[in-house]
Structures are given as C-alpha cells and as structure tokens.
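Thanks for coming. I have one structure to go through today, and I will keep it brief.

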Amino acid sequence: MELKDLELIEKLVDQDSEIKALWDQHKSYETIIQKMENKPYLSTTETQEVKELKKKKLAGKTKLQGLLDKYK
C-alpha cells in the first residue's frame, strides 16, 4: 500500500468500523503468512493454506481500497 493510503487508514480506523475490521484482518493475515513463509519447509497443506490466505488478504485489500477511494 502507498504511504498516502496508510496515513488515510490511520485517520479513518477510529471513525469507520468496516475499515478498522478490514485493516485488522489484513495485518493478521500478513503476520500469519510471514510466520509460515519463515519456516524452512512447508507441507503441501501449509503451502495451500498460504495461497488461500494470500487470496483472502488480496480480496480484503481490494475492498479496503474501494472504501478508501470514497474518502479521497
């Protein structure tokens, strides 16, 4: 995300519960993905889980971006 978007999120997170929920979810997915990708080896199941988490993270980011565009 661009710096402008991150600054806008920081301003809106206290005002808009949907933005807050999406942002918290985004950060949570990022943490889980990083933790899993830092493992020396991923099983097939774990690899699939990482792919699914990345898809969910991207979908949430797209929705979040749409909400931010309304405030710009």
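One term before the details: when I say that two residues touch, or are in contact, I mean that they have heavy atoms within 4.5 Å. Please also keep in mind that this is a predicted model.

Now the overall layout. Along the principal axes, the C-alpha atoms fill a box of roughly 40 × 20 × 15 Å.

As for contacts, take those with a separation of 6 or more: 62% of them are between residues 24 or more positions apart.

Next, the interior. Of the 72 residues, 29% are buried. Which residues form the largest nonpolar core? There are nine: Leu8, Ile9, Leu12, Ile19, Leu22, Trp23, Leu64, Leu67 and Leu68. Helix 1 (3-12), helix 2 (17-37) and helix 3 (44-71) each supply at least two residues of this core. Leu12 is one of its members. Leaving aside residues up to four places away in sequence, Leu12 touches Ile19, Leu68 and Tyr71. Apart from this core lies another, of five residues, including Tyr29, Ile33, Met36 and Val50.

Last, the surface and the charges. The protein exposes about 5,300 Å², and carbon and sulfur atoms supply 52% of that area. There are 15 positive and 14 negative charges, and their mean positions are 3 Å apart.

Conventions. Residues numbered from 1 in each chain as written. Predicted model: local features only at pLDDT ≥ 70, side-chain atom pairs only at ≥ 80, totals over all residues. Heavy atoms only, no water. Buried < 20%, exposed > 50% of the residue type's maximum accessible area, 1.4 Å probe, protein only. Areas by Shrake-Rupley, 256 points an atom, 1.4 Å probe, with all protein chains shown as cover. Lys, Arg positive; Asp, Glu negative; His and termini not counted. Charge placed at Lys NZ, Arg CZ, Asp CG, Glu CD. Core = buried A, V, L, I, M, F, W, Y, C linked by side-chain atoms within 4.5 Å. Helix = DSSP H or I, 4+ residues; strand = E, 2+ residues; numbered from the N terminus.
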